[in-house]
Amino acid sequence: MSARERLLDFMKNKAYRPMTRAELFSHFNISKDEQRVMKRVLRSLEKEGLIYQNNKGCFGLPEKMDLIAGRLQGNQKGFAFLIPDDPAKEDVFIGSSNMNGAMHNDKVFVRVLPHVKGKRQEGEVVHIIEHANTRIVGNFERSKYFGFVVPDNKRIFYDLFIPREEINGAKQAQKVVAEVTRWPDKKRNPEGKIVEILGFKEEAGVDIEAIIRQLDLPQGFPEGVIQELADISEVIDTAELENRHDLRGLSMFTIDGADAKDLDDAVSLEDLGRGRFRLGVHIADVSHYVREGSDLDKEALNRGTSIYLVDRVIPMLPPKLSNGICSLNPGEDRLTMSVFITYQLEPLKIINSEILPSIIKTNYRLTYREVNDILLNDDQELIVKYDNIIGQLRMMNELRSKIKRERFSSGSVNFDFPEARVILDEQGKPTAIEKRSHGTAEQLIEEFMIAANRVVAEEMSWREIPFIYRVHDRPDNDRLLEFNEFIHNFGYHLKGVDNEIHPRALQDLLESVRDKPEERVINTMLLRSMKQAVYSPYNIGHFGLSIEYYSHFTSPIRRYPDLMIHRIIKEFISKGQLSKKRIKSLEERLNTVAEHSSLQERRAMEAERDSVELKKIEFMKDKIGREYEGIINGVTNFGLFVELDNTVEGLVHVENLKDDYYHYNDKQHCLIGESTRKVYRFGDRVTVKVDKVNPDERELDFVLAED
């Protein structure tokens, strides 16, 4: 048993009382030579949030000290929520007076305050395990003797004080990067120094560069990675074929967006007769090229995921791999991991499944638009072009339909939000906003990938192999009760909300509001009531998909957990079992990998969302005075949030509702006119006029056109 395990087991004992470092050394008979190792283990466990050292220097388990470890999700109004490391625990509200110097995304220990009946769980930060915001990006504001950096990230609600001697040449209204030199406390702002000047905020490209710096996104690849890349051959060693199933004669193809370059999944379908079909999902075997512990592997883990900004991709792996030898380009031999699932169609059920290392050669690179035109529009030109796979495509679509129907009948929750794509010119200026539809082709790939992910997760769970699962915990009951109260205003009610609600009840609600004016609003509020999906070595199932076993296996080019579990699966297949030493090593590592990957995923999502929202607001700069149709998708005491049909969102301030004094009704989530009794509520369609556009603050103001 490792020192780490011995310590944790000892502290889990009911008789354990918090001990100092010296007392622990004495209990375990740690020699002076071994004390350095034990100190390192204690620091590591504390950094992971697994143990806590109190103000008397005593160590213990956080749960025994009434503490919860997690990360803070800040709000620009000064409060935050703790997102616990343990996905089974509820989020905890942290008021501004209880932040105690912590900032957005910091890893902290929180003590839960005495619970007030009917109110959300609240807590206070008692210890900051790890600061997340060592550098802050924002607009520089200079005075005669000092300056301030106003953060671009509004979740960081402190301005950063810059002493005169640390301004380092920055000028008023420039976009800068500042390093934090002193953390905030209750009485003073954080302090820092300017370390990089990005340029004046109006200059081309500065806005996206600011997002990249703000989230500390990676720029280039380090020298060690470049050297390892040079040693990777783009020709497959024939010796490698001995351990793989040769599927190069099997008809298969990729289906992706027209601009995709990292093609990491291909699909095939074989008619076995008697109403049985064999679905093949073939995934690039990135683990063959990215060896565990290599510089490539360390950099991939550090990045965690590829990031798709509005004007560029920041890849997890270098283009030589992601767009080259690992991309399943048509007509080229590629190493893969294949999942085969044999279905009986009537009634739909899985007959068997298998996972195996393989080599493939895809026949075609299809796009979503082409497949949609074939399946939905009977495009004759495309049908002639892809004549030899038309039958395969149509059979795939029938299988897709049955798999989707079965998944939803089990209660899988489906949110159908329109996605927006901002079109940029060569200078990075937005010229148009296009809505992306989630068509039949997109659903086909989605259903087949979910099916493969389920099979892989169940197989590894059944074999009790250390693994990384994609888990989604059930919503907090308080949030569901609030949501249920909200939908009463529209005449809806959730079944089973007073007990353990089944996801089928949520899907039934979404079906009942489909194509109704309130659909978008109820979908949005329900999504806000649910927890985030995360990576975890502990399988608690996926509530939103209503699936007991689920993983991310299908995108190892762009997600590190997928790459990690490919290694585990291949090792198990090749050896038949994992050694006790290997199992212990994985158990010690997987929690850290899962937590880091979840954090990097949130960072990537934030970057992608910020880059799109920034360009949306910039797109509206020259639209002042124009009128647009939109829907109210948020009501507060200070105004109405309105989303236009092109997905741009802005605010109608309550003081700009000129025809009356309006008051916020928190029970009905609406604004009601004092004299006119006019009501503005979620889901109402309105006509608005663009009033003000402020890209710096990411703010867009509307006024109602009738005013």
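Biologist: Are Y662 and Y680 buried or exposed?

Modeller: Both Y662 and Y680 are buried, a term for residues under 20% relative accessible area, whereas exposed means over 50% and partly exposed lies in between (1.4 Å probe, protein chains only). This is a predicted model, in which local features need pLDDT of at least 70 and side-chain atom pairs count only at pLDDT 80 or more, while totals for chains, interfaces and linings use all residues. Residues are numbered from 1 along each chain as its sequence is written, and side-chain values use heavy atoms, without hydrogens and water.

Biologist: How many aromatic pairs are counted here, and what describes such a pair?

Modeller: A pair of aromatic rings is described by the distance of the centres and the angle of the planes. Rings of Phe, Tyr and Trp (its six-membered ring) pair if their centres lie within 6.5 Å, and planes under 30 degrees apart are called stacked, over 60 edge-to-face and the rest tilted. The count comes to 16 aromatic pairs. F146 and F148 form an edge-to-face pair, at 5.7 Å centre to centre with 90 degrees between the planes. F146 is partly exposed at 31% relative accessible area, and F148, at 26%, also counts as partly exposed. Y662 and Y680 form a tilted pair, with 5.5 Å between centres and 45 degrees between the planes.

Biologist: Which strands hold Y662 and Y680?

Modeller: Strands are DSSP runs of E, at least two residues, numbered from the N terminus. Y662 lies in strand 30 (residues 662-665) and Y680 in strand 32 (residues 679-681), so the pair ties together parts that are 18 residues apart in sequence.

Biologist: Which residues form an aromatic cluster?

Modeller: F10, Y16 and F28 form one aromatic cluster.

Note on methods
Helices (H or I, at least four residues) and strands (E, at least two) are DSSP runs, numbered from the N terminus.
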